[in-house]
Every structure is written in structure tokens, then in C-alpha cells.
Amino acid sequence: MTHTIRRTFWVTGLLITGLWWWADATDWATVANWLGWRSLFMQYSGVMAMVAMTMAMVLAARPVVLEPWLGGLDKMYRLHKWLGIAALVVSVVHWLGAQGPKWLIGWGLLTRPARGPRPPPPDAVLAQFFQGQRGLAEGVGEWAFYGAVVLIALALFKRFPYRYFFKTHRLLAVAYLALVWHSAVLMQWAYWFTPLGVLMALGMAAGTAAALRVLTRRVAVQRQVVGEVEALRPYEAAGVLAMDIRLRGRWPGHESGQFAFLTLHEDEGPHPYTMASAWVDDGRITFVIKGLGDYTRTLPDRVRVGDVVKVEGPYGRFNFQGTCPRQIWVGAGIGVTPFIARMQALAKAPDGRAVDLFHPTSALDEAALARMQEDADAAGVRLHVLLSQRDGRLNAQRLTEAVPQWREAEVWFCGPAAFGRQLRQDLEAMGLPPGRFHQELFEMR
């Protein structure tokens, strides 16, 4: 996780823990037996699981208003993933807290203590209604939990085909709505009159709205534009397909380095691709797509000029903004696409920075390289192409030797995540300030 994601994740957990501690009026010194401790545990774990699920559901609706705070939609989806994992873990623990004592009592390993007198029924009509719904809410929550576990596990299983993931992951919104009802009924009534209760109510309302948008396929509809494939340029040696799209609707424009969700076939759903062209307000966008998976490998055979497509965006904060007089770009493999767009933009509007672009790749297409060199020359960018079989791997040592002024630079990286992490660690160990390494987390599941 990046620093922003990690900070958001842990600060949220600590904040909710503190609010729960404040909201719960139990005098822990008076807790007489394990039933009392179990009740406290069930309330705390239930609150934590619901907060994680709510945040994940809100992020699933792609709220662009949060991009500046979280560093772009790619970072938001990484946070979405870790919130989903956290919700899964805490929900399993919560479920074990509910079921475990029953199993232990049935096995004779635990004795059920005598219950004290039940508290009198609450005066509030809504509280009485919730109390009468507890049995139903417990049953609904249990089955929703089973469904959520299966769906989250499928999402984390990378070999599960994307076209099925795209369809099944939407069903998590149904499980979420069921768990909203479960949580609203079973959370202690007194909590609702505390800051925790207010935050839970607002959060679950936002999560419910997001879930309904997901289920009705209304996510980001205002950011979707229909287009048409205008030209196709396959670079077979590199396994890459360049695709020019002419938009029919109004596109708000995009910055170099941003990406969009492109739907080429409805049965496959939207896939995220970085835009490889600068925006010049002519209604055209270029995508460069590498055949890395079962679907993208079929595109040269399935896509034709004239096909109607849907483009949603733009998204991302990989925008090359900074204060340093020099920039170092690393575009590994197909990760070079945002830099192609940036070079086209710089050719029209130079920003005065010295730029070195490193393009390590395992496959080289001479026509694609010639086109990239033209873009680099027009933008005043120094291009370093490293073919792995011929030149070996790029590492921090080679990069700093090629750019002696690297201490004055910011590094912008797009490519395999593990490669980026290693390069970041090595450069920071050599003295690069952490805030000067920018990496796009181009992984949406």
C-alpha cells in the first residue's frame, strides 16, 4: 500500500475504535462472565466490519471527488481491495464470535452461565421494532455473510476470468444491503445517539446509495461517452494494438497520464486503459493495448474499424505535476503509454523541465520505436530503450549512472508493481526523498 492508502486505512480503524470506546457505556469492571465479553466483542467487530464494507462500497461507485485526497482512482481501488480484505477477516472473526460459543457448549467444553433478568423493553417505538426484528436480522446477516465471503474470495482469485468477476462482483451490493439491515437492527440502540451512531448512519446511507447505483448500473453514467473505432494499428512484434477512437459525445478532456474505462464488448465489460494521446479538443483518443490476458490477446481479431465503443473517464492523478527542474520517467513495457501522451503534450506546450524516459521492454517493434522516438525528439525528451535480452534489467544503479543529476529529479513510474516497488526502495535507500517517487497502481482487482 502507498503511504496515503496505508494512512487512511489505519487512521480510520483507530478513529472508529475510539468512537466505539466512547459510545459504549459498559462498565467493564461489572462484566461478570464470558457472555458479557462476547456481547462487547460482537458489537465492536460488527461496527468495524460494517465500516470497512461501507467504505469499500462507496469507493466502488468511483467518486471522483475523492481522487485528490487519495491520489487517484488507481489508489482508491487499492484501498477498496484492502478494505474488502479487512471486512472479510473481521466478518469471519465476528461470525466465529457468534457461532463458536454455541459449538463449544454443544461439545461440552463451555458452560452457558445463567442469564440475569432481561432489561425492560425500550420506550421508543423504533427501538421496539428493531428489537422484534433481531431474529430475522441475524438470519439475514448470516446468509449475507456467506455470500460475501464467496464473492470476495472470487474477486481475490486472480485466475477467475475478468468477464465473470465483472458480473459476480456486482452481487456484493446485494449482500451489503442485507448487512446494512443486519447492522441497523443489531447495533446497540444507545450507540445511535453518539457520534459513532451519527457516523454509522451517514456512512450506511452513502453505502446504500452506492450499492443501488452499482445494482442499477448507474455508476459514473455521467462520465460515459459513446465512440467509434476510427483506426487500428497492430504492432505484432510487441504484441500491441493501437486503437484510435472518435468520440460522438462531449468529452471533458483529459490530462496526460490519465486513464479511462473502455468497453469494447458488452459481455466482457469495461477495462481500464491509459490514454496514449494528448487531448487537443478534436474528439479523438488513442489507446495502446497489450495482449496480456485471454481477452486482450483476442482484440486484433475481434475489433474492427467502425465498432461502437463506450469510454468512461477520465480518471487518475498521474499528471506529472511537481516542483523539481528534472523528471525521470520509467515506462516498463506497456507502461510507456502515459509517457507517450505526455510527450505529445510537451511538444505543443514545453514546461522547461529536463526529462529522461527509460523504456525497458522484452519485445521491441521497430515501427513503434520509431514513432516513440519521433515523439521524444519533438518533446525534447531523452529516450533510453533497454531490450531485456540485449541490455539486461533496469535497476536504480543503472538509472542513476545514466542521469547523474537524479538527486534534482522526480521519478514517475508506470509498469509492473513489483518492479516499481523495488525501484522505489532502492532509489530511496540511495537518497531519493519518498515524496519524489510517483507510481501508478494500475491494478483494479
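Leaving aside residues up to four places away in sequence, valine 47 touches Ile16, Trp20, Met187, Leu196 and Met200, where contact means heavy atoms within 4.5 Å. This is a predicted model, in which local features need pLDDT of at least 70 and side-chain atom pairs count only at pLDDT 80 or more, while totals for chains, interfaces and linings use all residues. Residues are numbered from 1 along each chain as its sequence is written, and side-chain values use heavy atoms, with hydrogens and water left out.

The largest nonpolar core holds 53 residues, and Val47, Met50, Tyr176, Leu196 and Met200 touch the most other members. Such a core is a set of buried Ala, Val, Leu, Ile, Met, Phe, Trp, Tyr and Cys residues joined through side-chain atoms within 4.5 Å, buried being under 20% relative accessible area with a 1.4 Å probe and protein chains only. At least two residues of this core come from each of α1 (3-23), α2 (34-60), α4 (73-106), α6 (134-156), α8 (172-186), α9 (195-215) and β3 (259-263); helices (H or I, at least four residues) and strands (E, at least two) are DSSP runs, numbered from the N terminus. Helix α2 gives the most to this core, with 11 residues. Apart from this core lies another, of 20 residues, including Val225, Leu241, Tyr273 and Tyr295.

## The antiparallel sheet

Six strands, in the order β4-β3-β6-β1-β2-β5, make up an open sheet with antiparallel pairing, two strands being paired if DSSP finds at least two bridges between them. At the edges stand β4 (271-274) and β5 (284-290), each with a single partner strand, so one side of each has no neighbour in the sheet. Neighbouring strands are turned by 40° against each other on average, direction ignored.

Within this sheet, β1 (residues 224-235) and β2 (residues 240-247) pair in the antiparallel sense over 8 bridges, and leucine 232 stands opposite methionine 243 in β2.

## The parallel sheet and its helices

Another open sheet has 5 strands in the order β9-β8-β7-β10-β11, with parallel pairing. Its edge strands, β9 (381-387) and β11 (437-439), each pair on one side only, and the twist averages 15° from one strand to the next. Strand β8 (residues 354-361) is joined to β9 by 7 bridges, and threonine 361 stands opposite leucine 387 in β9.

Helix α11 (residues 337-348) lies across β7 (326-331), β8, β9 and β10 (409-414), running at about 140° to β7. Helix α12 (residues 366-379) lies across β8 and β9, at about 155° to β9; axes are lines fitted to C-alpha atoms, for helices over the stretch in contact, and angles run from 0 to 180 degrees between N-to-C directions.

Methods
Buried < 20%, exposed > 50% of the residue type's maximum accessible area, 1.4 Å probe, protein only.
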